[in-house]
Amino acid sequence: PVASVRTLERIELEDLPDEARRRLPGIVISSHIHADDPMERTIIANGVTLREGSVLAGLPLREIREDSIVVEFESWPLEIPVFGEW
């Protein structure tokens, strides 16, 4: 059930209910730079260079992690892998 998923600190893309996954905007990550200093972390997604705190396809970009990003999606902190296809 969706309500129980929202109680988690952060959910991963594969744990998102199918109905919610269909509402996700299209995101194409073409570059990813993770650094110890948050000010140096960047991604290029959908042709735009973004840093933590930016907005990606209408979703607040909360964190750029070593192998994923965390966006806020419908009040969920959603972790999306940057490597591989999803």
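Before you start, note that the model is predicted: local features need pLDDT of at least 70, side-chain atom pairs count only at pLDDT 80 or more, and totals for chains, interfaces and linings use all residues. Residues are numbered from 1 along each chain as its sequence is written, and side-chain values use heavy atoms, with hydrogens and water left out.

**Stop 1: the sheet**

Switch to cartoon view and find the five strands that form an open sheet in the order 1-8-7-6-5, with mixed pairing. Strands here are DSSP runs of E with at least two residues, numbered from the N terminus, and two strands pair if DSSP finds at least two bridges between them. In general, strands of a sheet pair through backbone hydrogen bonds, either parallel or antiparallel.

Select 11-12 and 55-56 next: these are strand 1 and strand 5, the edge strands, each pairing on one side only. Strand 1 runs parallel to strand 8, and two bridges join them.

**Stop 2**

Now colour strand 7 (68-73). Five of its six residues are buried, where buried means under 20% relative accessible area, exposed over 50%, and partly exposed in between (1.4 Å probe, protein chains only).

Towards strand 6, the pairing is antiparallel over three bridges, and Ile64 stands opposite Ile69 in strand 7. The hairpin joining strand 6 to strand 7 passes through three residues.

Towards strand 8, six bridges join the antiparallel pair, with Val70 opposite Glu79. In the hairpin of strand 7 and strand 8, two residues lie between the strands, and Glu74 takes a positive phi near 50°.

**Stop 3: the core**

Show side chains for Leu16, Ile43, Leu56, Ile69, Val71, Phe73 and Leu78. They have the most contacts inside the largest nonpolar core, which has 21 residues. Such a core is a set of buried Ala, Val, Leu, Ile, Met, Phe, Trp, Tyr and Cys residues joined through side-chain atoms within 4.5 Å. Strand 3 (42-45), strand 6 (59-64), strand 7 (68-73) and strand 8 (76-81) each supply at least two residues of it.

Centre on Ile69. Leaving aside neighbours within four places in sequence, its contacts (heavy atoms within 4.5 Å) include Ile29, Ile43, Leu56, Leu61, Leu78 and Ile80. Glu63 and Glu79 are also among the residues that Ile69 touches, and both return at the last stop.

**Stop 4: the charged pairs**

A search of the whole structure finds five salt bridges, each a side-chain nitrogen of Lys or Arg within 4 Å of a carboxyl oxygen of Asp or Glu. Select Glu72 and Arg62, whose closest N and O atoms are 2.6 Å apart. This pair links distant parts of the chain, strand 7 and strand 6, ten residues apart. Glu72 is partly exposed at 31% relative accessible area, and Arg62 is partly exposed at 47%.

Finish at Arg65, which is partly exposed at 24%. Arg65 forms a salt bridge with Glu63, the closest N and O atoms being 3.3 Å apart, and Glu63 is partly exposed at 27%. Arg65 also forms one with Glu79, at 3.4 Å between the closest N and O atoms. Glu79 lies in strand 8 and Arg65 in the loop between strand 6 and strand 7, so this pair ties together parts 14 residues apart in sequence. Glu79 is buried, at 11%. Shared partners join Glu63, Arg65 and Glu79 into one salt-bridge network.

Methods. Helices (H or I, at least four residues) and strands (E, at least two) are DSSP runs, numbered from the N terminus.
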